[in-house]
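Please look over the chain shown below together with its sequence, keeping its secondary structure in view.

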Amino acid sequence: MQRPAAAGDYDSLGFRNAPDATLVLAERLIVRASLMVETVFGWSPQALEGRSMRCLYPGETDFELVGERACKALRERPFYRDERFMRHKDGRIVWMEGRGRTMDQADPHRLAIWTYRPLDTAESAVGAGSLLTATEKRIAGYLVNGFTSKEIAKSLGCSPRTVEVHRANMIRKTGVRNSFELVRRLLDIGSA
């Protein structure tokens with residue numbers, strides 16, 4: 001018969017095996033990472049520990065804007081939730097739900113715990129109340145990952161012309177001028 005583990009053992013067991021990717025951050029540096037980060041982000045916990053969160057964002061602007069937005073919200077309340085694009089180790093951009101808790105509301109980045117869960121881009125890529133159709137949202141997920149119209153069409157089982165029509169509709173609906181601005185807008189949605 002096994003003896004029960006000590007409370008500290010359960011705490012460690014719970015953190016390491018949490019069902020969402022869980023990070024302990026100090027000044028946005030990764031101090032501890034749960035085992036699920038490998039499934040969600042492609043990095044082993046050991047490879048992430050000691051690194052800046054910057055490596056998990058599509059770009060510097062995303063890192064700065066999301067950080068500012070979260071800091072402001074965490075000064076008002078100890079918990080925060082949003083959806084944003086983040087970067088997998090292999091370079092793919094993935095739509096994620098982030099949930100954070102600060103240990104110090106006066107200085108939210110001093111010490112915080114964050115969990116991340118991938119979301120279905122088809123359901124969430126442009127946020128609630130969006131005018132984009134489910135198909136346009138699916139195409140958006142491919143666009144932010146750099147797929148061409150031919151590659152998207154092949155993945156979705158449609159013609160490249162159909163993808164172009166959906167892309168044109170997304171450009172019109174989001175009020176941007178071209179495909180480059182569309183991708184930028186899709187990446188900025190989590191930072192709005």
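## Overall make-up

The model is a predicted one, and its protein chain contains 9 helices and 5 strands. Read from the N terminus, the elements follow the order α-β-β-α-α-α-β-β-β-α-α-α-α-α.

Of the 192 residues in the protein chain, 42% are buried, and the chain exposes about 10,300 Å², of which carbon and sulfur atoms supply 54%. Among contacts in the protein chain with a separation of 6 or more, 46% are accounted for by residues 24 or more positions apart.

The 5 strands form an open sheet in the order 2-1-5-4-3, with antiparallel pairing. At its edges lie strand 2, residues 29-33, and strand 3, residues 79-87, each of which pairs on one side only. Direction ignored, neighbouring strands of this sheet are turned by 30 degrees against each other on average.

Helix 4, which spans residues 60-76, packs on the sheet and touches strand 3, strand 4 (93-102) and strand 5 (112-118), while its direction makes about 175 degrees with that of strand 3.

## Strands 1 and 2

Strand 1, made up of residues 21-26, pairs with strand 2 in the antiparallel sense over 4 bridges. Within this pairing, A26 stands opposite L29 of strand 2.

Strand 3 and strand 4 run antiparallel and are joined by 9 bridges, with F85 standing opposite W95 of strand 4. These two strands form a hairpin that has 5 residues between them, and in the turn G91 has a positive phi of about 100 degrees.

One of the residue pairs here is that of E97 with R117, its bridge partner in strand 5.

Is strand 4 largely enclosed by the rest of the structure, or open to the outside, and how many of its residues are buried? Of its 10 residues, 8 are buried, so strand 4 is largely enclosed by the rest of the structure; in this reasoning, buried stands for under 20% relative accessible area.

Conventions. Residues numbered from 1 in each chain as written. Predicted model: local features only at pLDDT ≥ 70, side-chain atom pairs only at ≥ 80, totals over all residues. Heavy atoms only, no water. Pairing = 2+ DSSP bridges. Axes fitted to C-alpha atoms, helices over the stretch in contact; angles between N-to-C directions. Contact = heavy atoms within 4.5 Å. Buried < 20%, exposed > 50% of the residue type's maximum accessible area, 1.4 Å probe, protein only. Areas by Shrake-Rupley, 256 points an atom, 1.4 Å probe, with all protein chains shown as cover.
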